[in-house]
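Subject: Structure handover

Hi,

Here is the structure I promised to pass on. Have a look at it first, and then read my notes below.

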Amino acid sequence: MLLALTEARAALATDDVPVGAVVLAPDGSVVGRGRNDREATHDPTGHAEVVAMRKAATRLGGWRLDGCTLVVTLEPCTMCAGALVLARVRRLVFGAYDPKAGAVGSLWDVVRDRRLNHRPEVVAGVRAQECGRVLLDFFDDHRS
C-alpha cells in the first residue's frame with residue numbers, strides 16, 4: 001500500500017485526484033503502477049487502477065492478470081471494479097472506502113456479484129485512514 005500511496009501523491013503534480021494503484025505478480029514483484037491521470041491526459045478512463053492494469057498487461061504480455069493482486073488507495077468505482085473482474089485479478093486490496101462511488105461494497109458490489117464469471121478475493125481498509133487523509137487534504141485545498 002505504501003507504493004500505491006506514493007503513486008497517489010505523485011498525482012498531485014498534475015492536479016489529479018490523488019489515487020494510486022500497484023499490480024503485483026503472483027511472486028510479489030511489481031508489474032504495473034498507476035495514478036489517476038484524467039487531468040493530465042484528458043482521458044476519462046485514466047483511473048489509477050486502469051492505468052496500473054494496462055501497464056501490468058503490457059509487461060506480462062497478455063490481458064489476463066491471473067494470480068495478480070491489485071493494490072489501490074481508494075475503493076474502485078464501477079468502471080475499475082468491472083475492469084479488474086474482466087482482467088481476472090486474483091486479489092483486490094484497497095485502502096479507503098468511497099461512499100459516493102465505491103463499487104466494492106459501498107454503493108454496489110460488482111466484484112462479488114455471483115452472476116459474473118470471476119470474483120476476486122477482497123481485502124478492504126488497509127491503511128484506510130492514511131489513504132483517506134490524502135484525498136481529504138486534496139479536496140480541502142481545492143475548496144479553499
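**Notes on the structure**

Setting aside residues up to four places away in sequence, C77 touches H47, E49, A101 and A103, where contact means heavy atoms within 4.5 Å. Before going on, a word on what you have: this is a predicted model, in which local features need pLDDT of at least 70 and side-chain atom pairs count only at pLDDT 80 or more, while totals for chains, interfaces and linings use all residues. Residues are numbered from 1 along each chain as its sequence is written, and side-chain values use heavy atoms, with hydrogens and water left out.

**The spot around C77**

C77 sits in the loop between β3 and α4 (78–86). Helices here are DSSP runs of H or I with at least four residues, strands are runs of E with at least two, and both are numbered from the N terminus. With a relative accessibility of 16%, C77 counts as buried. On that scale, buried means under 20% relative accessible area, exposed over 50%, and partly exposed in between (1.4 Å probe, protein chains only).

Which residues does UniProt list for "binding site"? They are H47, C77 and C80, from an unreviewed entry. UniProt positions are given in the numbering used here, feature names are shortened, and annotations may be inferred rather than shown by experiment. These residues span 34 residues in sequence, yet no two of their C-alpha atoms are more than 9.2 Å apart, so they gather at one spot. Of them, H47 and C77 are included in the lining of the largest pocket. (For pockets, a 1 Å grid is laid over the protein atoms alone; a pocket is an open set of points where a 1.4 Å probe fits, with protein on both sides within 12 Å along at least five of seven lines, and lining residues have an atom within 4 Å of a point.)

H47 is in the loop between α2 (38–41) and α3 (48–60), and H47 is buried too, at 16% relative accessible area. Apart from neighbours within four places in sequence, H47 is in contact with R35, N36, R38, C77, M79 and C80.

UniProt also puts the feature "active site" (unreviewed entry) at E49. E49 belongs to helix α3 and is buried, at 4% relative accessibility. Beyond residues up to four places away in sequence, E49 touches A21, L70, V72, L74, P76, C77 and C80.

**The core and strand β3**

The largest nonpolar core has 36 residues, and V23, M53, L65 and L70 have the most contacts inside it. (Such a core is a set of buried Ala, Val, Leu, Ile, Met, Phe, Trp, Tyr and Cys residues joined through side-chain atoms within 4.5 Å.) Two or more residues each come from α1 (2–10), β1 (20–24), α3, β3, α4, β4 (91–96) and α5 (128–143). The largest share, five residues, comes from α3. In soluble globular proteins, nonpolar side chains tend to be buried together.

T69 lies in strand β3 (residues 69–74) and is buried, at 9% relative accessible area. Its side chain makes a polar contact with the side chain of R91 (3.0 Å). A polar contact is a pair of N or O atoms within 3.5 Å; within protein, one must be able to donate a hydrogen and the other to accept it, and residues adjacent in sequence count only if both atoms are side-chain atoms. Leaving out residues up to four places away in sequence, T69 touches V22, V23, L24, V89, R91 and V93.

**Aromatic pairs**

How many aromatic pairs does the structure hold? There are two. Rings of Phe, Tyr and Trp (its six-membered ring) pair if their centres lie within 6.5 Å; planes under 30 degrees apart count as stacked, over 60 as edge-to-face and the rest as tilted.

- F94 and Y97 have ring centres 5.1 Å apart and planes at 85 degrees, so this pair is edge-to-face. F94 is buried at 0% relative accessibility, whereas Y97 is partly exposed at 48%.
- F138 and F139 also form an edge-to-face pair, with 5.0 Å centre to centre and 80 degrees between the planes. F138 is buried at 7%, while F139 is partly exposed at 33%.

Cheers
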